[in-house]
Amino acid sequence: MLAESPYMELTQNLSVSRETVERLEEFQALLLKWTRSINLISKSSISNSWMRHIVDSAQIYPELSNNWRSGVDLGSGGGFPALVLACISKDLDPARKFTLVESDSRKCAFLQVCANTLSLNVDILECRLETLSKGNYEFLTARALAPMTKLFEFATNVTGGQATCLFLKGESAPQELKEAQLDWTFEHELLQSVTDPRASIVKAWGYRRANP
């Protein structure tokens, strides 16, 4: 049994059930098993995968509005943050659906195994972001995918600029926001990460090109 205290300490306000913790532990076990064969997470983060990947993803759950039912996750890779959020939503908001977009077929196979094994309310799309059709999504997530300027471009193409974005970013977030403001107009909050004092969560909405 994996230590649950870091996760429980982080999410006490979510009233997370024991079943949710066990579901996340099962997801972590699948992650570590598949990482032996394909590059889902870095070798240096394997020993700290609970905090580095699962808790890091879970921390944005409180930023999801209670009435949001449809979300899209860009460049899902190993399932962060979408599969973690889906594991939590299964108990707290089972009607919420996540669409995970990933171009690597092996990673898509991993995501589908996790979705089936854990009975998660998700769709897996194997395609490049440039070819993704626009959808009626209320929120959009991405983790360690691209600079902010490119993320806003993807978000506009995929959601028409209507979705609230939640981007998990590293220490470059303030600089990326400044650079994005040269080309984009948007509202945002910069939230401190609880897993890394150098990292941030960018919550952005109302984004549109500054010079259309």
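Reply: What follows starts with the pocket and then takes up the elements and loops connected with the account. The model is predicted.

The largest pocket holds about 570 Å³ of space. Its lining is made up of 29 residues, and those nearest the centre are Arg52, His53, Asp56, Arg143 and Ala144. By type, the lining residues divide into 9 nonpolar, 13 polar and 7 charged. Helix 3 (49-58), strand 5 and strand 7 each contribute at least two residues to the lining. Helix 3 gives the largest share, with 4 residues.

Ala144, one of the residues nearest the pocket centre, sits in the loop between strand 4 (139-143) and helix 6. The phi angle of Ala144 is near 50°, a positive value in a residue other than glycine. Ala144 has a relative accessible area of 73%, and so counts as exposed, the cut-off being over 50%.

Helix 6 (residues 148-159) contains Leu151. Leu151 has 1% relative accessibility and is therefore buried, which requires a value under 20%. Leaving aside residues up to four places away in sequence, Leu151 touches Ala142, Leu145, Ala146, Phe167 and Lys169. The C-alpha atom of Leu151 is 9.4 Å from that of Ala180, a residue 29 positions away along the chain.

Strand 5 (residues 164-169) and strand 7 (residues 200-209) run antiparallel and are joined by 5 bridges. Within this pairing, Leu168 has Ile201 of strand 7 as its bridge partner. Strand 7 also pairs with strand 6 (residues 184-192), again in the antiparallel sense, over 8 bridges. There, Glu189 is bridged to Lys203 of strand 7.

Two other loops have backbone features to note. Ser119 lies in the loop between helix 5 (105-118) and strand 3 (122-126). Like Ala144, Ser119 is a residue other than glycine with a positive phi, here near 55°. With 46% relative accessibility, Ser119 counts as partly exposed. Pro81 is placed in the loop between strand 1 (70-74) and helix 4 (82-92). The peptide bond that joins Phe80 and Pro81 is cis, with omega about 0°.

Last comes helix 2. Helix 2 (residues 18-35) has 18 residues, so at 1.5 Å a residue it should span 26 Å; its end C-alpha atoms are 26 Å apart, in agreement. The buried residues of helix 2 include Val21, Leu24, Phe27, Leu30 and Leu31, and also Arg23 and Glu25.

Key. Residues are numbered from 1 along each chain as its sequence is written. This is a predicted model: local features need pLDDT of at least 70, side-chain atom pairs count only at pLDDT 80 or more; totals for chains, interfaces and linings use all residues. Side-chain values use heavy atoms; hydrogens and water are left out. Two strands pair if DSSP finds at least two bridges between them. Buried means under 20% relative accessible area, exposed over 50%, partly exposed in between (1.4 Å probe, protein chains only). Contact means heavy atoms within 4.5 Å. The expected span of a helix is 1.5 Å times one less than its number of residues. On a 1 Å grid over the protein atoms alone, a cavity is a set of points where a 1.4 Å probe fits but cannot get out, and a pocket is an open set with protein on both sides within 12 Å along at least five of seven lines; lining residues have an atom within 4 Å of a point. Grid points are joined across faces, edges and corners, and a volume is the space filled by probe spheres set on the points. Ala, Val, Leu, Ile, Met, Phe, Trp, Tyr, Cys and Pro count as nonpolar, Asp, Glu, Lys and Arg as charged, and the others, Gly among them, as polar.
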